[in-house]
6 protein chains.
Amino acid sequence: MKVKVITLGEVMMRLSTPGHERFLQSDQFNIVYGGAEANVSVSLAQWGIDTQHVTVFPPHDLGKAATQYLRQMGVGIDHVYTAPGRLGLYFLENGSMQRSSKIIYDRFDSAFANFDARQVDWDLIFDGASWFHWTGITPALSQYAADMTLAALQAASSKGLMISGDINYRRNLWQYGKGPLDIMPELIKYTQVIVAGLADFENCMEINSSSYEEACVAAKKAFPQIKYITSTERDAVSASENGLHALLWNGEKLLKSKTYQMTHIIDRVGGGDAYMAGLIYGLLHHKDQEALEFAVAASVLKHSIPGDANLVSLEEVQALVRGEHVGKLLR
Amino acid sequence: MKVKVITLGEVMMRLSTPGHERFLQSDQFNIVYGGAEANVSVSLAQWGIDTQHVTVFPPHDLGKAATQYLRQMGVGIDHVYTAPGRLGLYFLENGSMQRSSKIIYDRFDSAFANFDARQVDWDLIFDGASWFHWTGITPALSQYAADMTLAALQAASSKGLMISGDINYRRNLWQYGKGPLDIMPELIKYTQVIVAGLADFENCMEINSSSYEEACVAAKKAFPQIKYITSTERDAVSASENGLHALLWNGEKLLKSKTYQMTHIIDRVGGGDAYMAGLIYGLLHHKDQEALEFAVAASVLKHSIPGDANLVSLEEVQALVRGEHVGKLLR
Amino acid sequence: MKVKVITLGEVMMRLSTPGHERFLQSDQFNIVYGGAEANVSVSLAQWGIDTQHVTVFPPHDLGKAATQYLRQMGVGIDHVYTAPGRLGLYFLENGSMQRSSKIIYDRFDSAFANFDARQVDWDLIFDGASWFHWTGITPALSQYAADMTLAALQAASSKGLMISGDINYRRNLWQYGKGPLDIMPELIKYTQVIVAGLADFENCMEINSSSYEEACVAAKKAFPQIKYITSTERDAVSASENGLHALLWNGEKLLKSKTYQMTHIIDRVGGGDAYMAGLIYGLLHHKDQEALEFAVAASVLKHSIPGDANLVSLEEVQALVRGEHVGKLLR
Amino acid sequence: MKVKVITLGEVMMRLSTPGHERFLQSDQFNIVYGGAEANVSVSLAQWGIDTQHVTVFPPHDLGKAATQYLRQMGVGIDHVYTAPGRLGLYFLENGSMQRSSKIIYDRFDSAFANFDARQVDWDLIFDGASWFHWTGITPALSQYAADMTLAALQAASSKGLMISGDINYRRNLWQYGKGPLDIMPELIKYTQVIVAGLADFENCMEINSSSYEEACVAAKKAFPQIKYITSTERDAVSASENGLHALLWNGEKLLKSKTYQMTHIIDRVGGGDAYMAGLIYGLLHHKDQEALEFAVAASVLKHSIPGDANLVSLEEVQALVRGEHVGKLLR
Amino acid sequence: MKVKVITLGEVMMRLSTPGHERFLQSDQFNIVYGGAEANVSVSLAQWGIDTQHVTVFPPHDLGKAATQYLRQMGVGIDHVYTAPGRLGLYFLENGSMQRSSKIIYDRFDSAFANFDARQVDWDLIFDGASWFHWTGITPALSQYAADMTLAALQAASSKGLMISGDINYRRNLWQYGKGPLDIMPELIKYTQVIVAGLADFENCMEINSSSYEEACVAAKKAFPQIKYITSTERDAVSASENGLHALLWNGEKLLKSKTYQMTHIIDRVGGGDAYMAGLIYGLLHHKDQEALEFAVAASVLKHSIPGDANLVSLEEVQALVRGEHVGKLLR
Amino acid sequence: MKVKVITLGEVMMRLSTPGHERFLQSDQFNIVYGGAEANVSVSLAQWGIDTQHVTVFPPHDLGKAATQYLRQMGVGIDHVYTAPGRLGLYFLENGSMQRSSKIIYDRFDSAFANFDARQVDWDLIFDGASWFHWTGITPALSQYAADMTLAALQAASSKGLMISGDINYRRNLWQYGKGPLDIMPELIKYTQVIVAGLADFENCMEINSSSYEEACVAAKKAFPQIKYITSTERDAVSASENGLHALLWNGEKLLKSKTYQMTHIIDRVGGGDAYMAGLIYGLLHHKDQEALEFAVAASVLKHSIPGDANLVSLEEVQALVRGEHVGKLLR
C-alpha cells in the first residue's frame, strides 16, 4: 500500500547566528526554513514517504525561496498557496553549556496567519492520502488558522485518514482573543495520535494529573477516538547535553523507549518534529514498541544536524535502533 | 558654536545576501541596521557632529543589537525608546549590470510604527540642538508616526531649530488610510530645507512642473519658510554604474554640483542619506556651492561602502571635493 | 496548450573558488550543480514551464544532493536514474580583467557516462511533451551516452516533438574512439533548432564557411528538417566585460538581436544555456525576432548571477527586453 | 544611589583563528577587542552600570574601531585618549581536549604603554565615581603605565572610591627593568578588593603560603586596607572542560561558591574578568556569599560565549544562580 | 645521525562540509590535501625530520596546489611526479554524537593509480634515507600501484632502510582483479614494523586469532623479518568521544600505552597516520615504551585539529606524554 | 645555464578586510604574507626560477606560518633566520571607485628590523646565484637593516651577481635617525638595474629633473655601473581602474611598453613587485623590449589576483604579451 502523508502549518524563515555567537555580537545569519509540521514532512520525505505540505507564502522572492526549500527536501508543494502578507520569521541563538538557546519569534500577521482558507478544496488535498498531521501551533496563530485546522480535520476525518496532532501548547501564542480551551478540544476530537506532555493535558484538555499514564486514561475517556498518546522526555543536563527517551501509551499500556545520552548537541530545534515523523513512520510500518524506538532514534539523530530538518536516511535511523555504526567512520 | 543634530525615524535590520547572490540562492544574510534618518546621524557622527537619533525598538535582543549599532557608530541614543512589537526589517539583494538591486520591506506593525509618542518630551530632546531632520517615510508608516512627526516639528520649530525634510514619497507605504496630501503639506510648513524630486513635488505638494527651478519657485510660494530645495540626479547606466550630481536651489538660483561617474558601485543604499548628511554639514559650515559639493562628494563615497552607513571621514570627503587621492594607495 | 520540455544530459557538481581567488590559493570551494542541458530546464522552470531532466547520478549522498538541487530549482526529476559510479565534477576559477576564467573538468567515467540506457522507456518520458533539447556534449562523453542520445532523438522525433540541439563542439571531449563526424550528423538529422557557431559547422557538419548565413543555408541543404540555426556572438573585451548579441536564421533570413554591453560580469558560465532556454521559451510563445530578443536578454541577465543557473523571472527578462528598470533600485 | 565604575587599562585587538584551526593552518582571523580591565567595564555595562574606561589608542582607523567597540558595548569613552604608536594585539588559537589554547601577545611599544599620563586630570575622571578597578597587567607594561596606575590610585583613593585590583602576575611582561616587587606593593596599598592566587601572593607580595586563607591573613597584615581577597579555582580537565568555583575571603572567613562543571567550553578568555565584574556588581548590590555566587555564575556564562566580553544580561546571571533555565530552549 | 624518511602514496584533495553540515545541506567545501602516507611525512616534518614523499599528481592547477600543500607543510617534493589523469578526491562529512562521520571516496583512475613507475629511480630516492613507510592502500589501488610498492620495497630493503607498513585493509578498494592475499604477503616480507589489527591479520596474512599477542607471534613466524607489530585501539563512545590507547608488540612482549579519553573530537581523520608518524619518530629516538607513549599522545592531539595533518610540535607531544599543560591557556 | 635569484627583505603578515569593507566595519581579516622583495621571489618561483629569500622571523607560530607560506609558494627558505621579536604586520583596506585603498603599517621593531646580520655568511648565500634583488624599504627600517643590505650588496657584487634595486622611497619609514641620502647612494653604487620614479631620483640620488630620460642619464653619470633604469607609470582613473605601462632606459634609449587598461582591479598591492619579477625574468631570458613587455604584462595580471603574490604561470604572462585568451573561458 502506497502511503501518503499530509501536513498543515506555517513555514518560517529561520535566521540563526553562526556557531555560538549571541544575537548581540553577530553580523550574519544562516538561513533555513522550518515549521513544526513541515519538519515532519521533510523527515518523512527522506524516508521515501510521499508527502504534501499545505501552507501559505507571500508572493515575493522569500516566499519562493521557502517553496524551493520544501521542494528541495522532497516535500510535495501541490497545495502551497500564495497570499499577500509577510513571511513568518524566527531568530535562533544557539546556546552552550549553562547558557540556554534562545528563539525570538517574528511570525504575527504572516500571509499564513491571515489566509482565509474557505476556498481550499480539502477533499482534493486528502484524496488518496493515508495520514494527516497537525499541531496546536496553527490554531494558536489566528481565527483564520484555527478555522483552517478545523476544516482540514473534518475533511480528513470524513475521508477516514489516520490523524495525528502535536498539542504543543505555547503560552506566547494565542493572542487573537481565543484560548486553547476554546479551540483545542474540538480539534482533538478528530485526532487518533496525540503528542502531549502534562502541561498540554492541563492547558488544552483540562486534565490535571501528575501521572502520565493516568492523564492518558483520562484523555481517552474524554476523547474516545484516541488510539495513541505519546511524549518525549528530556533530561536537560545543559544546552550541550540532554538525555532523551519517549513514552507511548497505546490504550493498553505505557511503553518506554531506550534512553539516549546526547552529549554534544548541535541543534535541538526540530527534535520533537523528528520524533513525530519517526512515530508516524513507525506506526505505519512497525509494531508499537518498534515504532517508538524508531521515533526516538530519529529524534536523537536530529540533534546532531544543524537546521530544523532531520536529514537522515532510513538506514541511519535503523542502524541506530540496532546500536550499529555509533562512533564509526563510515567509508 | 557647538552643533547638535536631532534625527527621527525608524531603524530597521537590513538583511542582505552576500556578494551578488539572489534571494533565491542564498543561505546566509549579512546584517546591518539602517534607516533614512539614522543614516544621516551616522554620517554626521563620523564628522564629529553631536547627534541624537529618536527612535523606538522592541525590548528584545535584536532591539538591543540595533541600539548597540547606533552607539557603535557614535550616534546619541539618549532618546531611544523601547516598546512592545517587532523590529522592522528589510531584505536586500545586490544587483549587477542589467540586473537591478531589489529590496523587500517587512516593516509593517513595528514597535516604531505603533508607538504612541504623546508622552515624549520633545522640549527636552531639542534642548541645545541646532538642526532637526525628518523624512516623508515616517508619516507614511502609521497615524502614530505621522502624529509623532508633527509633534516633533512643532517643538523643533518653536525652539528655533533649522529643520530639513526629505520628502521621499514611496507609493507602497501610506497604507493606514491617509494619503501624502493629507499629511505632508502640514509637515512641510515647518521645514526650511526640502529634499524633493519632481515626483515628490507632485505627490506631496501638488506642484506639477517639468522644470525643477519652476517647481522650487512654486514650492517657496506655497511654503514661504523654505530656504533650500535640493535633489540628487542619477544617471543610471546600470546597477553597477551611475553618474551622480545634485541640484540646490537657494531661493535665488539653482546651483549644480560637479558630476561624478561611479563606475563600480558597491552599495547604493543610503546614497541619498549620505547626500543629506553632507548637505546639513555643508550648510552648517560652508557657503551654498561648497555645501553642495561636499554633499555630493559624500554621497559618491557612500556608493563604495557596503551597508547603509557612510563610514567616511571629513578628510576623505574634503579630499574628494578637491579631487585628491583618487586612485592612490594611501599608506 | 500546456508546454512540457524534456532535457537530457549530465549534471556535474561545480566547485568554484570564492571571489576571484585562484585555484592555487583557495582552501574553499562553493558548490552548485550544473550541466548545459539541465541549466536549460532550470531556466525554463523559473518561467513556469513544466520540465523533466533525464540524467543519471550515483546512489550516494552527493548524487542525492544533485537531485535535490534539480528539485529545488523546480525541474522534474521523474526520470533521474541512479547507477554505480562517480558524480562528474568541474572546478571553476573566476577570472578578472585580462586574466581568463578557467575550468578543470573531472567528468570522465561518471555514472552518467557509463549508463546503459537501453532499458529506458523513452516513450513514457516523451509522453505529453512538446520539446526535447540535447547538446553535443552528451554524445562526446561515451558510446553509451551517444547511444542514449540517439535513442532519445528517435523516440522524440517519432512522437513529433520539437527538437533543439546545441552542437557545442569541445575538442577535449570525444575521447572514446569516435569523432564528432562519426556521430553528430546522425543526431542532427532529428533536430529542428540548431545552436552552432562556425567551428561547430566545420567540426560536426563538415561545413566550412566564413559567412554565418551561408553556413546556415548549407546546413539546411544537408539537414532539410532544420528550421532555425542560431548562435550568440561575444565581443570579449576582458574576463570582466563582454558585448553580447545573437543571430537567428529562420530559413529565410538572418535576424540579429540588440547588442548588450555586459560591463561587470559576475559569472559567465551558463550564459549560452540561458540563451538556449530563452530561445525555446521565445519560439514557443513569440515571433522570431521577439524570441531572439527574449533569449539574448535572458542570457545577459545570467551573466549577473553566480552559479550555472539563470535564476531570473519572466518579468525580469521581459523588462530588460523593454529596457525597463535598468539601474533602478526595485523596492 | 547611582553607581559609576572606572576601569583603566590597555585594550588590544584580538585576532583569533576560526573554529579550532591552528595558527599554522588558518588564513583568516576573527577580530574583537579586549583587555582585562575593559572586559570588566563591558560586563558591568551589560548590567546597566554606568562605566568609563580610561585607555589610549593610536589615532588611525584601527584605534577608531577599538573605540567604536567600547561604545557599542555601552562603555563610556569620555576618557579615551589618542596618542601616536601602535595598537596592542594578541593572537588567539582555540584549543580542544588535550590541546591547549594558545595566545601570542604583540603588545609591546603600544600607544598605551608609551603614553605619558601626567596631563590626565584624574580628579575629573573620578568625579562622581564609586569604584575604580585596575590590574597588575598595566604596571607590568612600562614605567609610563606604572606611573599612570599609581597616579590613578592616589586620586581614586583621595576621592574615597572603592578600589579593586586583579594582581594577575605574568612572567613574560615586566620587561622594562622593574620587577613586580618594585612596583606592586605600592599599588596594592590603595586597594580594598584584591584578586590573587597563591602565585600572585608570592610574586607580588612576597607572601609564601600553601594555604589560601593563611595567605589572605598575611596579606591583610601587610596591607591593612584590604577588605576582600578572592580567586577563582579552575579544575582543568581539558581545554574543552573545566570545573569552576571561587573563593572569597572577607576578613572574617573564607567563603566558597558553588562549583560548576563547564563541559563544552566555547571561549575561556575573559573568564576571570567576567568573575571580577560579577564580584564588583555583587559587592555593590548583595551580601558577600550572594556576591560570590553572582560572580562565579557570570564567569561560567562567559565560557559559553565567543570573544573577550561577557555578553549576558543580569537576568541570565541571576537565573543561573537560581539554577533556572539550564538546558531549556527559551522562546 | 641525520634521519630521513621516505613515504610513498596517493595524496587526495579532501573536500569536507563546514562544521557539522551534512552532504545534503552544504553548499561549500573546505579543502585540504591528505593521504595515509603523506600524512605521516607531514607529521614528521613538523618534528624536524627530513622527509620526501613520493607521489604523482596531474599537471593542472589542482595538482600544483596539492604539491604546494606538501611543500608548505615542510615535506620534500623532490620525487613528486606529474602524469596525465585526475586528482584523487575524497569527500568528508563530520559526524556528531550518535551520527557517524562519513567519507565518500572518488579516487579511482587517478594519475597516481595509473602511473607506470618503471622509470622511477628508487636508488636515487632512497639514497641517504633511514626509513621507508608504505601502506596497504597503495597496492589496493591498481596493478601499477602494487608494482610500484613492490619495487620501492625491494630498493629500500636492498639499501638497508628500516621499513614500516600500515596494512590498512579496506574492502572497498582492491577492485582491479587482485585480492589482498595475492599481493600483501609479498610486500609484508620486506617490512619490519607492521601496523595491523585483527582484521588485517586475517585478510592480508591469513592469520586468524582473537588474541592480539598470538596473532603477532604467528605473524613473526610467517614473516620472520618483523620486529614490531602495533595497533591503536579505539573505544568509540560516539562520533564525538573516543577512548584511545595503543599496543606495541616488540617480539618479546605486548606493551600497552596509557589510555586517553578524547571527549570533544574535532577531526578523527588522520588519527592513525599521526600514530604511525609518532611511532616512527619514537622508535628512532626512544625506547619501545616511550616510543609507544609518544605515538599515542601524537595521535590524541591529532583528534583536536581540523584536517588530515597533525600540526603539532615535538614540544606539544612531549608535554602531553608528561601530562603537562592539559587544560591550560598557554600565553 | 641554471638561474638562481636571491632576494632580501622583511616579510609581513598582511591582514585585509574582506570584500570592500572598511576597517571601521569589519570583524574579520584575511591573512596572507608579503613583502616587496619576497613578492619578487614568489613570482619568479611560479615561473620555475630557483630562488632563496633571506629574511628573519620570530620563533613563534606566526613566524612558522610565514615560513610555511614562502615554502608553499616555492621560494627557498634555506636562509630564513629566526630571532626574538615581533612579526611585522600591515593592515589593508581595499578601496573602490573614488575611495582609495588604505594601508596601516605596524612593522616597527620587528624581528627583521632588529636582526644583527653580522654572523650571516653571505658568501654561502650567494654561492651559485645569478641575481640579487633588494629594495629601498630595507635600509629605511633600521641601522641593522641598512647594514645588512650593504653587507649583502658587497658580497653579491664581489661574487659578480647581477644586482637590481627598487628604490621605493617612502617618507614614513626612515625613522631611525638616518635619511635616504645618508644611506641610499652607497647602496645604489652596487646596483645595475634600478627601479626609480622621479621622486626616487630626487630623494635618494639628489637628481632633480622633470624628464625621465634626463634623470636616467644623470643617474648613470653619478652611478656608472647602472645598466637599466625602469619605472611603471600608472594612470589612476580610480581605485577600481588604472591604466598601466612601463618605461625601461637601457643606457641607450628609453623604451616604452604597451599600455594596458585595468578596468576592474581586484588587488593592486604587489603590482610593482610583479613588474620587478617580470623584468628580472625578462632580462635573463629576452631582449630589452621583450623583457619590458613581459614585465608589464606580469604586473597587469597581478592586479586581477587577491593577495600580494602574482600567482600566474609563465604561459599566462606570455599569452597576455601576445594578446591571447583575453576574455576567453579556458576549459
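Biologist: How many residues does the contact take from chain B and from chain C?
Modeller: This is a predicted model, and in it the contact draws 25 residues from chain B and 25 residues from chain C.

Biologist: What area do chain B and chain C bury between them?
Modeller: About 2,200 Å², with 57% of it on carbon and sulfur atoms. On the chain B side, B:Arg22, B:Met97 and B:Gln98 supply 30% of the area buried against chain C, more than any other three residues.

Biologist: How many salt bridges are there between chain B and chain C?
Modeller: The count is two salt bridges. One of them is formed by the side chains of B:Lys102 and C:Glu316, at 3.7 Å from N to O. There are also 12 residue pairs in polar contact across the interface of chain B and chain C, both residues being at pLDDT 80 or more.

Biologist: Which element of chain B gives the most to that side?
Modeller: Strand S7 of chain B, residues 101-106, gives the most to the side that touches chain C, with four residues. By class, that side of chain B has eight nonpolar, 11 polar and six charged residues.

Biologist: In which sense do S7(B) and S15 of chain C pair?
Modeller: Parallel, over two bridges, with S15 covering residues 329-330 of chain C. B:Ser101 has C:Leu329 as its bridge partner there.

Biologist: What is the strand order of the open sheet that includes them?
Modeller: The order is S15(C)-S7(B)-S6(B)-S2(B)-S3(B)-S3(A)-S2(A)-S6(A)-S7(A)-S15(D), which makes an open sheet of 10 strands with mixed pairing. S15 of chain C and S15 of chain D are the edge strands, each pairing on one side only. Within chain A, S2 (residues 12-16) and S3 (residues 28-34) run antiparallel and are joined by five bridges. A:Met13 is partnered with A:Tyr33 in that pair.

Biologist: Back to B and C. What rotation superposes chain B on chain C?
Modeller: A rotation of 120 degrees, with 0.0 Å of shift along its axis and an RMSD of 0.0 Å. The two copies are therefore related as by a three-fold rotation axis. In chain B, the C-alpha nearest the axis belongs to B:His264, 4.6 Å from it.

Biologist: Do the copies meet through the same or different surfaces?
Modeller: Different surfaces, because only 8% of the interface residues of chain B are also interface residues in chain C.

Biologist: New topic, chains E and F. How many residues are in contact there?
Modeller: Six residues of chain E contact six residues of chain F. The two chains bury about 650 Å² between them, 39% of it on carbon and sulfur atoms. E:Gln68, E:Arg71 and E:Gln72 supply 72% of the area that chain E buries against chain F, more than any other three residues.

Biologist: Last one, still in chain E. What joins S11(E) to S12(E)?
Modeller: A hairpin, through five residues. S11(E) and S12(E) run antiparallel, with eight bridges between them, and E:Glu233 has E:His245 as its bridge partner in S12(E).

Conventions:
Residues are numbered from 1 along each chain as its sequence is written. Chains are lettered from A and ligands numbered from 1 in the order in which they are written. This is a predicted model: local features need pLDDT of at least 70, side-chain atom pairs count only at pLDDT 80 or more; totals for chains, interfaces and linings use all residues. Side-chain values use heavy atoms; hydrogens and water are left out. Two strands pair if DSSP finds at least two bridges between them. Contact means heavy atoms within 4.5 Å. Buried area is the accessible area (1.4 Å probe) that two parts lose on being put together, summed over both. A salt bridge is a side-chain nitrogen of Lys or Arg within 4 Å of a carboxyl oxygen of Asp or Glu. A polar contact is a pair of N or O atoms within 3.5 Å; within protein, one must be able to donate a hydrogen and the other to accept it, and residues adjacent in sequence count only if both atoms are side-chain atoms. Ala, Val, Leu, Ile, Met, Phe, Trp, Tyr, Cys and Pro count as nonpolar, Asp, Glu, Lys and Arg as charged, and the others, Gly among them, as polar. Copies are superposed by least squares on the C-alpha atoms of residues with pLDDT of at least 70 in both.
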